[in-house]
Amino acid sequence: SASSTDHGSHRVDMVVPEDIWNAAFEGHVAPVQAWLDSGGDPSDVDETGFTLIYRALQQQVMTPGRSAVVRLVVARGADICQVSANFPLSPLHQAMLEWNE
């Protein structure tokens, strides 16, 4: 069952299974897509306030799989400007800083 926590002024349901977090981190699109197809919310966060986009961007190397995860969750409605409760940059800003060449 889903649990909730308070991040700032809003409550956040933490319903993303650990295997989906790991799939986003590793750039495996199929499990993330299946989870979203089954009703998963692309804007759900973990206990620290990170979204699937953050998870896909946590590696120093942007692989095609991680890029596909980011495109998928954005296409499904994830907010690229959603800031974590514990990290001052949005996924968009993080990507601009880390992937700007």
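At what angle do helix 2 and helix 4 pack, and how far apart are their axes?

## Helix 2 against helix 4

Helix 2 and helix 4 pack at an angle of about 15°, and their axes are 9 Å apart, where axes are lines fitted to C-alpha atoms, for helices over the stretch in contact, and angles run from 0 to 180 degrees between N-to-C directions. Helix 2 is therefore roughly parallel to helix 4, a label given to angles under 35 degrees, while those over 145 count as roughly antiparallel, 65 to 115 as roughly perpendicular and the rest as oblique.

In this pair, V29, V32, Q33 and L36 of helix 2 meet G65, A68, V69, L72 and V73 of helix 4, contact meaning heavy atoms within 4.5 Å. The residues of this contact divide into seven nonpolar, two polar and no charged (Ala, Val, Leu, Ile, Met, Phe, Trp, Tyr, Cys and Pro count as nonpolar, Asp, Glu, Lys and Arg as charged, and the others, Gly among them, as polar).

## The model and its chain

This is a predicted model, in which local features need pLDDT of at least 70 and side-chain atom pairs count only at pLDDT 80 or more, whereas totals for chains, interfaces and linings use all residues. Residues are numbered from 1 along each chain as its sequence is written, and side-chain values use heavy atoms, with hydrogens and water left out.

The protein chain has five helices and two strands, which are DSSP runs numbered from the N terminus (helices H or I, at least four residues; strands E, at least two). Of its 101 residues, 37% count as buried, that is, under 20% relative accessible area, with exposed meaning over 50% and partly exposed in between (1.4 Å probe, protein chains only).

## The two sides of helix 2

Helix 2, which spans residues 29-37, has V32, W35 and L36 as its buried residues. These lie on the same side of helix 2 because they cover an arc of only 100° around the axis, the arc being that of the directions from the helix axis to the C-beta atoms. The cover over them includes helix 1 (18-26), helix 3 (52-56) and helix 4 (64-75), whereas the face turned away from the buried side carries the exposed residues A30 and D37.

## Helix 1 against helix 2

The axes of helix 1 and helix 2 come within 8 Å and cross at roughly 135°, which means that helix 1 is oblique to helix 2. Here I20, A23 and A24 of helix 1 make the contact with P31, V32 and W35 of helix 2, and the residues involved are six nonpolar, no polar and no charged.
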